Amino acid sequence: MENSEGVKIESTVVTEEPLISALDIALFVVIITVAYFWYFKRDKQSSSSEKKPYTIQPSSLSSIEQTSNSSFIKKLKSTGRSLVVFYGSQTGTAEEFAGRIAKEGARYKMKGMVADPEECDMADLVEMKEIQKSLAIFCIATYGEGDPTDNAMDFYEWLQNGDVDLEGLNYAVFGLGNKTYEHYNEIAIYIDQRLEELGATRVHEIGLGDDDANIEDDFVSWKEKLWESVCSHYGIEETGEESNIRQYKLVDCSEVLPERIFSGEISRLKSYENQRFPFDVKNPYLSKIAVNRELHKSGDRSCMHIEFDIDGSKMRYDTGDHVAVYPKNSSELVDKIGELLNADLDAVFSLLNTDEESSKKHPFPCPCTYRTALTYYLDITSNPRTHIMKELIEYASDPKDQEKLKLMASSTPEGKKEFHEWILRDNRNIVHILEDLPSVKPDLDHLCELLPRLQCRYYSISSSPKVYPKSIHITAVLVNYTTPTNRVNKGVATNLLAQLIPTNDELPQPTIPIYIRRSQFRLPPKSQTPIIMIGPGTGLAPFRGFIQERDYARKEGREIGEMVLYFGCRKKDEDFIYENELQEYVANGTLTKLHLAFSRDQPEKKYVTHLLEQNADELWNIIGEKSGHLYVCGDARSMAKDVHSIIVKVVMEKGQMTNSQALNYVKKMEQQKRYSADVWS
């Protein structure tokens with residue numbers, strides 16, 4: 001028979017026996033004895049662990065050894081270092097800058113290490129004073145709408161919430177930001193001020209790098225003055241020794257089994273063959289391309305509507321989110337590097353960190369082939385920074401090439417001018433440099449160490465999960481342009497996407513790795529709230545999702561508020577994307593008004609900003625009288641700034657406010673998430 005739990009119970013004949021046998025008593029005694037010792041042992045351990053934080057222990061070697069693996073102090077002490085450079089990086093630039101500072105420390109008798117704050121117990125900063133002539137430097141990027149990078153989030157929150165005494169900590173901060181964004185270098189500025197508030201000593205003033213201008217120049221200029229301040233503060237002198245020491249050593253992996261070799265995975269070996277949820281920056285989802293169609297009707301430019309299939313992935317997104325796409329470099333450029341350096345691109349190798357204490361053992365997934373590294377892991381299309389010019393000098397056999405590299409690597413006015421003109425203005429990448437300086441033949445493994453990581457590209461999602469729960473849509477302009485040296489540079493991601501055309505169902509569909517990045521660009525919680533959307537060109541992308549979501553609500557019978565869209569492009573018959581969809585939304589009442597600006601369909605150019613100025617009454621009616629929301633998506637450098645100025649002017653005139661009052665009103669709108677921007681430079 002079975003009991004209520006479905007467990008079988010055997011039926012037996014019962015004979016008369018004592019209720020408790022001698023065996024039962026013996027077992028009972030054993031159980032009580034074991035329980036007694038377990039309880040008091042546990043209690044003792046618990047008591048010990050509770051008292052630990054309140055016990056003051058001497059800073060002996062044994063106490064250091066008891067600290068966790070996240071203790072950067074332990075690593076500094078055990079390796080005789082006095083300099084630690086933390087980085088908050090989303091794209092890899094801050095991490096690169098941190099590495100360069102740590103490397104240069106040797107010139108000033110300060111042995112350094114690079115540290116990821118996410119992997120460190122940052123409370124250990126209080127112990128930096130125990131290390132003689134110690135220094136902590138922070139290379140911190142500001143990301144999104146004034147947010148810390150993912151790996152610096154915990155540190156940022158620790159600074160906000162903590163009240164620790166950091167007296168004795170010497171520090172300096174370099175920020176990475178972009179002046180076209182409102183919250184320019186906000187995180188770095190906060191960290192710099194907060195460390196001082198907590199008692200730390202600022203060794204050198206904060207540096208603010210502007211990625212919209214020349215962040216490399218900003219960094220180099222700040223770094224030179226930093227070392228001057230360091231020498232003055234600690235009473236030390238520069239050794240004069242150049243520090244072109246390799247960070248990684250080459251390991252021959254020709255004997256490694258094929259199944260142990262990376263072939264483009266971001267982190268986990270064979271992750272594309274064996275997909276595991278959840279999907280994120282280190283574990284992207286290999287999505288099929290379901291749709292790839294041209295949106296432009298004519299002309300020499302291209303704009304693609306692409307749909308990623310996420311059916312069965314368990315991935316979820318919200319309207320307004322971004323999707324990250326992992327690109328790969330063109331085989332043409334990769335082959336060119338192999339040809340220029342006479343290298344075997346199919347040789348299997350690994351780069352192993354020479355610093356055994358570093359948590360970063362390899363610069364990218366290893367072992368792999370050089371072809372894989374140059375295709376999937378390394379950025380070979382961006383403009384190399386000055387430290388790469390410096391490292392290439394030793395590989396130049398022609399004195400003229402040597403002198404040119406030395407000049408561009410220097411911080412003299414002439415050197416900066418040459419670097420700006422020859423690298424930045426002429427838009428040369430590493431392939432172009434090797435072509436134009438033919439005597440420069442770096443070891444391929446060293447070049448792989450020097451080049452930055454290839455980063456994923458982010459796109460505003462142009463669909464609503466209410467309407468398309470099993471797919472993600474993006475709207476992307478194909479990037480191709482001719483440089484001053486008459487070379488054609490191609491966008492890494494968009495040119496790859498342009499090749500991924502779905503075929504009939506009998507053939508395997510093209511795929512690409514993606515993941516979803518959350519955004520604060522959100523519709524109002526109430527569907528009745530009126531909104532204004534301003535999105536010229538591909539700035540329309542997130543608003544297509546907004547409109548779909550409101551249209552879905554309308555079809556469900558819910559009341560929806562006014563939706564006003566400002567859209568602009570060059571010519572109506574050429575690049576008016578999603579025209580039929582938008583006209584249909586106007587016809588069914590979802591889209592209340594559609595204001596269109598075609599800049600080149602008449603002698604005088606006409607932009608969405610002109611339409612905004614003409615419709616001041618409508619603007620104020622929605623954002624002022626009805627407390628509606630306003631959204632801007634597109635170019636941060638000019639369009640978004642112009643829109644902001646117009647909104648302030650409208651608030652002044654229609655709201656009868658002074659300039660100061662109008663600025664405060666708009667600022668309050670931003671704080672209330674009633675004025676949101678999703679912009680790029």
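Colleague: Where does Asp150 lie?

Modeller: Please bear in mind that this is a predicted model. Asp150 lies in a loop, the one between strand E4 (147-148) and helix H5 (153-161).

Colleague: Is Asp150 buried, partly exposed or exposed?

Modeller: Asp150 is partly exposed, because its relative accessibility is 47% and that class runs between the 20% limit for buried and the 50% limit for exposed.

Colleague: Which residues form the negative surface patch?

Modeller: The patch consists of Glu118, Glu119, Asp150, Asp154 and Glu157.

Colleague: Let us turn to salt bridges. How many does the structure hold?

Modeller: There are 44 salt bridges in the structure. As background, side chains of opposite charge can pair when their charged atoms come close.

Colleague: What does Lys223 form with Glu104?

Modeller: Lys223 and Glu104 form a salt bridge, with 2.6 Å between the closest N and O atoms. The pair links distant parts of the chain, with Lys223 in helix H7 and Glu104 in helix H4 (residues 93-104), 119 residues apart.

Colleague: And are Lys223 and Glu104 buried or exposed?

Modeller: Lys223 is buried, as its relative accessible area is 7%. Glu104 also counts as buried, at 12% relative accessibility.

Colleague: Which residue meets Asp321 in a salt bridge?

Modeller: Arg522 does, at 2.7 Å from N to O. Asp321 lies in the loop between strand E10 (303-309) and strand E11 (322-325), and Arg522 in the loop between strand E18 (511-517) and strand E19 (531-534), so this pair ties together parts 201 residues apart in sequence.

Colleague: How accessible are those two residues, Asp321 and Arg522?

Modeller: Asp321 counts as buried because its relative accessibility is 0%. Arg522 is partly exposed, with a relative accessible area of 25%.

Colleague: What about Lys404: with which residue does Lys404 form a salt bridge?

Modeller: The partner is Glu418, and the closest N and O atoms are 2.4 Å apart. Lys404 is in helix H11 (residues 399-409) and Glu418 in helix H12 (residues 413-425), 14 residues apart. Lys404 is partly exposed, with a relative accessible area of 22%.

Colleague: Which residues do salt bridges that share partners join into one network?

Modeller: The network comprises Lys336, Glu339, Arg425, Asp426, Arg428, Glu435, Asp436 and Arg487.

Colleague: A change of topic, then. Where is the place of Thr369, and what does the side chain of Thr369 reach?

Modeller: Thr369 is placed in strand E13 (residues 368-369). Its side chain reaches the backbone nitrogen of Thr372 at 3.0 Å. Thr369 counts as buried because its relative accessibility is 14%, and the limit for buried is under 20%.

Colleague: In which helix is Ser232 found?

Modeller: Ser232 is found in helix H7, which covers residues 215-234. With a relative accessible area of 61%, Ser232 is exposed.

Colleague: Finally, how many residues apart in sequence are Ile189 and Thr142?

Modeller: They are 47 residues apart in sequence, and 9.5 Å apart in space from C-alpha to C-alpha. Ile189 belongs to helix H6 (residues 186-197) and is partly exposed, at a relative accessible area of 29%.

Note on methods: Residues are numbered from 1 along each chain as its sequence is written. This is a predicted model: local features need pLDDT of at least 70, side-chain atom pairs count only at pLDDT 80 or more; totals for chains, interfaces and linings use all residues. Side-chain values use heavy atoms; hydrogens and water are left out. Patches are made of residues with over 30% relative accessible area and no salt bridge: like charges are joined within 9 Å, nonpolar side chains (Val, Leu, Ile, Met, Phe, Trp, Tyr) within 5 Å. Accessible areas come from the Shrake-Rupley method with a 1.4 Å probe; for residues, only the protein chains shown count as cover. A salt bridge is a side-chain nitrogen of Lys or Arg within 4 Å of a carboxyl oxygen of Asp or Glu. Lys and Arg count as positive and Asp and Glu as negative; His and the chain ends are not counted. The place of a charge is taken as NZ of Lys, CZ of Arg, CG of Asp or CD of Glu. Helices (H or I, at least four residues) and strands (E, at least two) are DSSP runs, numbered from the N terminus. Buried means under 20% relative accessible area, exposed over 50%, partly exposed in between (1.4 Å probe, protein chains only). A polar contact is a pair of N or O atoms within 3.5 Å; within protein, one must be able to donate a hydrogen and the other to accept it, and residues adjacent in sequence count only if both atoms are side-chain atoms.
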